[in-house]
Amino acid sequence: MLNNIGLPGLLLIAVVVLVLFGRGKISSLMGEVGKGITAFKKGVSDGTKELEDDANAEAARDVTPAADKDKA
């Protein structure tokens with residue numbers, strides 16, 4: 001269905017969207033999309049950092065052997 005849309009079709013769609021919503025509304029919408037993408041990337045990097053911190057904390061766990069009861 002969308003395989004037949006060429007450059008003229010895309011330009012027509014862009015003009016119709018611009019007329020319907022106006023330039024200010026589209027620019028504010030794109031700003032919100034940009035903020036959403038930035039927040040998503042920050043969340044992914046924070047999650048990755050948290051997983052790495054958990055792995056490092058598990059590796060640094062105290063592994064000293066418990067005192068044997070027989071030697072007491």
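## Salt bridge

In this predicted model, a search of the whole structure identifies 1 salt bridge. The pair consists of Glu 32 and Lys 35, whose closest N and O atoms lie 3.9 Å apart. That distance falls within the 4 Å cut-off applied to such pairs. Side chains of opposite charge can pair when their charged atoms come close.

Both partners belong to helix α2, and because they are 3 residues apart there, about one helical turn separates Glu 32 from Lys 35. Lys 35 has a relative accessible area of 55% and is therefore classed as exposed.

## Helices and the residue after α1

The chain contains 2 helices and 0 strands. Helix α1 covers residues 7-21, a run of 15 residues. From its first C-alpha to its last, α1 reaches 21 Å, close to the 21 Å expected at 1.5 Å a residue. Just after α1 comes Gly 22, which adopts a positive phi of about 85°. Helix α2 comprises residues 23-59.

## Exposure of the chain

Of the 72 residues in the chain, buried residues account for 0%. A residue is counted as buried when its relative accessible area is under 20%. The chain exposes about 7,000 Å², and carbon and sulfur atoms supply 64% of that area.

## Nonpolar surface patch

Eight names make up the next feature: Ile 5, Leu 10, Leu 12, Ile 13, Val 16, Val 17, Leu 20 and Phe 21 together make a nonpolar surface patch. The area of this patch is about 750 Å². One of its members, Leu 10, is located in helix α1.

## Negative surface patch

A further patch carries negative charge and is formed by Asp 46, Glu 50, Glu 52, Asp 53 and Asp 54. Within this group, Asp 54 is found in helix α2, the helix that also holds Glu 32 and Lys 35.

The relative accessibility of Asp 54 is 46%, so this residue counts as partly exposed. The partly exposed class lies between the buried limit of 20% and the exposed limit of 50%. Lys 35, by contrast, is exposed at 55%.

Key
Residues numbered from 1 in each chain as written. Predicted model: local features only at pLDDT ≥ 70, side-chain atom pairs only at ≥ 80, totals over all residues. Heavy atoms only, no water. Patch = residues over 30% accessible without salt bridge, like charges linked within 9 Å, V, L, I, M, F, W, Y side chains within 5 Å. Areas by Shrake-Rupley, 256 points an atom, 1.4 Å probe, with all protein chains shown as cover. Salt bridge = Lys/Arg side-chain N within 4 Å of Asp/Glu carboxyl O. Lys, Arg positive; Asp, Glu negative; His and termini not counted. Charge placed at Lys NZ, Arg CZ, Asp CG, Glu CD. Helix = DSSP H or I, 4+ residues; strand = E, 2+ residues; numbered from the N terminus. Buried < 20%, exposed > 50% of the residue type's maximum accessible area, 1.4 Å probe, protein only. Expected span 1.5 Å × (residues − 1).
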